[in-house]
Amino acid sequence: MRVVVMMVVMMMVVVMMVVNTVSSSNIKLVDNGYENVVVAISPSLDESLAHDIVSSIKETLTEASEVLFRATRNRTYFRDIKILLPKSWTETEYDELATNENFEDSDIRVDERNMVYGDQPYTVQPGGCGEPGQYIHLTPQYLTDETQVTNWGPRGRMLIHEWAKLRWGVFDEFGYPNDPKFPLFYVTSVIGGDISTGYHANDCTNKELIGELKDVTTGGSCRLDNGLPNDDCRFIPYNQQEATSSLMSYYYLSDIVDFCDSSSSEEFSHSEIAPNKQNLMCEGRSVWDVVRLHQDFLNGTNAAITASQPPVFKVVSQEEAKFALVLDHSNSMSDYDRIHKLQRAAQRWILYEVADGSSVCIITFSTTARLVQELTVISNTTREVLANMIDDRLDSSTSIGAGLKLAVNVLNGGNSVILLITDGEENTQPMIADVMDTVVASGTRVVSIAFGEYADPKLESIAENTNGKTFTVLDTDDGGMLDDAFQAALTYQPADSLANTTVKIYESEYQGNETNVTGAFTVDFTVGRNLVFRFVANHNTGISNGPYLLRPNGTIMNTTLNDATLNMWTIKVPLAEEGTWAWQVEFTTSDNYARVDVTAQARDSNTLPILTRAWLSAQDNVNATATPIIIYAEVKQGNNPVVGARVRAEVTQPIATAQPVLVDLLDNGQAADNQAGDGVYSRYLTSYSTTGRYSVKAEVIDVAAAGGDSLPPSRVTDLQATVTSTTLNLTWTAPGDDYDAGTVSGYEVRMSVNRSSLLDASLYNTNILVLLSYSDSSNMSELLLEAGHKVNLYLDNLEELQLDKVYYLALRALDDFNNTSPVSNLVTAMVPPASSPDTSGMPVWAIVVLVAVAFIVAVVALVGYMVHKRK
């Protein structure tokens, strides 16, 4: 298969990776204190920055702990924080060696700039309301340069603004410049005897903020356009305020210390109509309403205390990884030739994949566990010895717990990882449940690989409880899925700089009877150093010519190394030139299988490779009919998002005979994707063959999207409206027939002067003006567009619209099974008076100026009239 990203100049090759991962954070909240918070420093940063970065991290987290304690109403603070140094930093002092901490699973990461955010801190947050983010990104410039604090706010207060997103899954309560979905200002209404209109800054405060409106282009006063401040207008709050909330709006003001609360008895409280991301993603709930329902606080957990304690810091240095191969050698491993597939994959992993300096031990289990090889440091002299220890001897029964217990004893802490591969349900004690607490307490991560359809369901639990990963390998697989699962365990080795990271740039499989088989891959300007071409076949004979490579200029490279035991051929290229490379092999037999993969490093240190990472939103034991499952794929070049790509996910189903599900992912900020242009592509998984294990891999290609089935359309979240006295123009992004896949069958558009009537499901179909019915829209082809396309609806002759009245509008989509989407975001529409200027919502000073100008004009006119009469 081809893995490319379309760029401005040329195609760019990217890596693909199989990842079925569970939550990686190891943070715990114990007696009001957060423990095991990991702040990791990227190996791409220069060690000369070490002292300043570490000092700033300590100062920032200490200040942040105090802000957190007040914001959570004396219920949480930071107790235990680990600062992880890169292994390559050899001159920096540290307190102790790390255990299972690593950069890729850290909670707060100090790394190079992202070209979209610059030095602005941000949280990678692809999930929905209440779902935790992945990590907070800080730059060394923000931590060490005081001018960046001026730009983005005090470090401790900023960190809690981002921590709320990371830990509790809440969102910003402010608008963004020139963003029609989340504007800086919005129309408000106060219902009394009559409805009066005005505008308000898109925020959440418990008291009215004091400040001024300023045009950032002219430096002068703002003007009103259709009742709202002009696009260049900004509200500039003063430093001193009576308001104390919200940290998700004005975290940079010293008097702002609380989160917004809908139950506040203050003059102001949470406004569910403010068009900010918190209201959209959390359906109008305030930040504190979401936070207090988190497991950190639910049912009175971690009740308020009188005082917090200063956080305790440990600077730790990552050590080399220690791996325990825990291999199922029960009799059922003979089925489908599983044992020999496992043998070849483990041998290849030891011989070619594990880094020098890491350590590996080998344990097999059946009725009991057996230590085949003690923990051995990987080097050129030990690789072959270890690989030869992987045997195929089988025995009866299956005691997974025995294998895990022995592995924990052999690894004995440190940066330890267990690779657990099994094909069946356990039937002999000790069981997984019997040793679960022991494995968790050891700090060892477990990467579980479910071989076949009947592997024990507790495999996901042991991986989840140890913050590891879980994978599925089908019996029809000839080795590719198993190799990818082994490869994923290597992420726990100490990270290298991105310039020296090896990435997979091509992968292809062939099965058939052709005698001449070829393929091609692209080497672009970002990669090519230390390129390795590997060809694996189902036998070591029957190949008459090749495999060999053809350079872009047509010359042949056939300096191939053959490993007869693994049926593998390798070609190495120190620096591969840019362009299209081809490979070719000639078979003399039929029923041939071959797998090709190509890896390389960055061409130079100034141009980083593009990486792709894929995962599913669900963890184990999820009912997909009740909880929609989302496929995610992150595409980045360094820390920079790759946008405008066509990303396809391949989902492997539990049934060996079932074809993979292909889903094209989107980065448009709609439906499953909550942020456009962030390089995280997503879509709902809507096709399921049966209950079981699903795995996903991602590739970046240029193909059309596949449709869905009978699930409801996703919610429209970007409805916008413009109105005149007789016409209404609505725009939105089309959802799909099944969530965000396919094409809906129609829409219902409704309008009311009562906002709550549009939100109440029991009233939604009654006593509300229908602007567009489902039956009418189903015949309007211009509205029935494929998911992701922009829809425009024009309605005229609307005699119902009255001047100076605020209307609320919403819509929902329907599919051909009459499944309806949730109600869209609500928008307001108002017909302003045509003859008089709109002063509603103006600041007092603006109204005074307007009256003064009118008075001066009147005086001048009167004087002119008197002079005229005198003449």
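Analyst: Begin with Cys282, which counts as buried because its relative accessibility is 1%; buried means under 20% relative accessible area, exposed over 50% and partly exposed in between, with a 1.4 Å probe and protein chains only. This is a predicted model, where local features need pLDDT of at least 70 and side-chain atom pairs count only at pLDDT 80 or more, while totals for chains, interfaces and linings use all residues. Residues are numbered from 1 along each chain as its sequence is written, and side-chain values use heavy atoms, with hydrogens and water left out.

User: Which cysteine is joined to Cys282 by a disulfide?

Analyst: A disulfide is a covalent bond between the sulfur atoms of two cysteines; here the rule is a pair of cysteine sulfur atoms within 2.5 Å. The partner of Cys282 is Cys129, with S to S 2.1 Å. The torsion about their S-S bond is about 105 degrees, so this disulfide is right-handed. Cys129 lies in the loop between β10 and β11 and Cys282 in the loop between α5 and α6, so the pair ties together parts 153 residues apart in sequence. Helices (H or I, at least four residues) and strands (E, at least two) are DSSP runs, numbered from the N terminus.

User: How many disulfides are there by this rule?

Analyst: The count comes to three. Cys204 is joined to Cys260 with S to S 1.5 Å, and Cys222 to Cys233 with S to S 2.1 Å. With bonded cysteines counted along the chain, the pattern is 1-6, 2-5, 3-4.

User: Which residues touch the most other members of the largest nonpolar core?

Analyst: In soluble globular proteins, nonpolar side chains tend to be buried together. A nonpolar core is a set of buried Ala, Val, Leu, Ile, Met, Phe, Trp, Tyr and Cys residues joined through side-chain atoms within 4.5 Å. Of the 59 residues in the largest one, Tyr34, Ile41, Phe78, Trp163 and Phe259 touch the most other members. Helix α1 (residues 50-71) gives the largest share, nine residues.

User: In what order do the five strands of the open sheet stand?

Analyst: Strands of a sheet pair through backbone hydrogen bonds, either parallel or antiparallel; two strands pair if DSSP finds at least two bridges between them. The order is β25-β33-β27-β31-β30, with antiparallel pairing. Strands β25 and β30 stand at the edges with a single partner strand each, so one side of each has no neighbour in the sheet. Strands β27 and β33 pair over eight bridges, and Arg534 stands opposite Asp597 in β33.
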